[in-house]
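The sequence and the structure come first.

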Amino acid sequence: MSRDQQILMQMLEESGALRRGHFLLSSGLHSSAYVQCALLLEDPVRARKVGQDLAELLRQFHPDSVLSPALGGVIIGHEVAAGLGVPFRFTERKGEEMGLRRGFNLRQGERVVIVEDVVTTGRSTLETASLATARGARVVAIGAIIDRTAGRDPFDVPFRALLELDLPSYGPADCPACRSGALPAEKPGSRPEAVAKPAAAEEERQSERVEPPADRAG
Ligand SMILES: [Zn+2]
């Protein structure tokens, strides 16, 4: 781990952004650890520093703009755009569909980097990238504060993250915490009633599609 990565790790712990427990991630996976980047970015000075560091990793791709999925990517995307001196836009989900609203537009051939807080499965990142491509832009790279893909890089363009965190995550049926009958998985950063069912109940609903969360978390 480099000095910069050690500093980031320390900031994650000091800010309470790195939590241990039993969590349901927005990807539908369960994990014993969760990263709430909103707490890392709560301090604007820290947010600026992290954004500038990520901007330096992405500068080599010469982006014309930064695009991030709301809500998770908004603060860091904006800070990265500030660091690069380019415009920032965000996509948002309405029901199932990810869209570009509020009058935001992308130019034909515009070089776009997609910036996220945490990438786990890459689902919302990929949806954001598809949206940009469908509108004629060119996605030149993906950036994130934290890479939780554990080496399963889901992208076909360069992916740069400030820190790789290999925090194990599991399908609900394989989750050790569920199997041990521990507390139900907590869905962090969402409404209090949104608590995951333990695996036993989950198995009956295996064929059902995992409901996408209202906001990005993990
Ligand atoms: Zn579990």
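## Two loop residues with positive phi

Arginine 102 sits in the loop between S5 and S6. The model is predicted. Phi of arginine 102 is near 60°, a positive value in a residue other than glycine. Arginine 102 is exposed, with 8 other C-beta atoms within 10 Å.

Histidine 62 belongs to the loop between H3 and S3. Its phi is near 50°, again positive in a residue other than glycine. Histidine 62 counts as exposed because 12 C-beta neighbours lie inside 10 Å, and the cut-off for exposed is 12 or fewer.

## The chain overall

The chain holds seven helices and nine strands. Of its 218 residues, 42% are buried. Contacts between residues 24 or more positions apart make up 66% of those with a separation of 6 or more.

The largest nonpolar core has 47 residues. Cys37, Leu54, Ile76, Val80 and Ile145 touch the most other members. Take isoleucine 76, leaving aside neighbours within four places in sequence. Isoleucine 76 is in contact with Cys37, Leu41, Val50, Gly51, Leu54, Val115, Asp117 and Ile145.

Five of the five residues of S3 are buried, so S3 is largely enclosed by the rest of the structure. Side chains in a regular strand alternate between the two faces of the sheet. In S3, Ser65, Leu67 and Pro69 point one way. Val66 and Ser68 point the other way. Burial holds for both sets.

S3 pairs with S6 in the parallel sense, over three bridges. Serine 65 has valine 112 as its bridge partner in S6. S3 also runs parallel to S4 (residues 88–94), joined by four bridges. There, valine 66 has phenylalanine 88 as its bridge partner. From S3 the chain crosses through H4 to S4, and this β-α-β crossover is right-handed. The loop between S3 and H4 contains leucine 71. The peptide bond from alanine 70 to leucine 71 is cis, with omega near -5°.

## Valine 66

Valine 66 lies in S3 (residues 65–69). It is buried, with 29 other C-beta atoms within 10 Å. Residues up to four places away in sequence aside, valine 66 touches Gly77, Val80, Ala81, Leu84, Val86, Phe88, Val113 and Val115.

Histidine 78 is twelve residues from valine 66 in sequence. Their C-alpha atoms are 7.7 Å apart in space.

## Helix H3

Helix H3 covers residues 44–58. At 1.5 Å a residue, its 15 residues should span 21 Å. The end C-alpha atoms are 21 Å apart, which agrees.

Val50, Gly51, Leu54, Ala55 and Leu58 are the buried residues of H3. They cover an arc of only 140° around the axis, so they lie on the same side of H3. An α-helix has 3.6 residues a turn, so residues three or four places apart point the same way. The buried residues of H3 pack against helices H2 (37–40) and H4 (74–84). They also pack against strands S6 (111–119), S7 (138–147) and S8 (159–164).

## Helix H5

Helix H5 spans residues 123–134. Its twelve residues should span 16 Å at 1.5 Å a residue, and its end C-alpha atoms are 16 Å apart, which agrees.

Ser124, Thr125, Thr128, Ala129, Leu131 and Ala132 are buried in H5. Their arc around the axis is only 160°, which puts them on the same side of H5. Ser130 and Ala134, on the other side, are exposed. The buried residues of H5 pack against S3, S4, S5 (97–99), S6 and S7. Just after H5, glycine 136 takes a positive phi of about 90°.

## A three-stranded open sheet

Three strands form an open sheet in the order S1-S2-S9, with antiparallel pairing. S1 (18–24) and S9 (169–170) stand at the edges. Each has a single partner strand, so one side of each is left without a neighbour in the sheet.

S2 (residues 30–35) and S9 run antiparallel and are joined by two bridges. Histidine 30 stands opposite tyrosine 170 in S9.

Key. Residues are numbered from 1 along each chain as its sequence is written. This is a predicted model: local features need pLDDT of at least 70, side-chain atom pairs count only at pLDDT 80 or more; totals for chains, interfaces and linings use all residues. A residue is buried if 20 or more other C-beta atoms lie within 10 Å of its own, exposed if 12 or fewer, and partly exposed in between; C-beta atoms are placed from the backbone. Two residues are in contact if their C-beta atoms, placed from the backbone, lie within 7 Å. The expected span of a helix is 1.5 Å times one less than its number of residues. The arc is that of the directions from the helix axis to the C-beta atoms. Two strands pair if DSSP finds at least two bridges between them. A crossover is right-handed if, with the strands pointing away from the viewer, the path from the first strand over the helix to the second runs clockwise. A nonpolar core is a set of buried Ala, Val, Leu, Ile, Met, Phe, Trp, Tyr and Cys residues joined through C-beta atoms within 7 Å.
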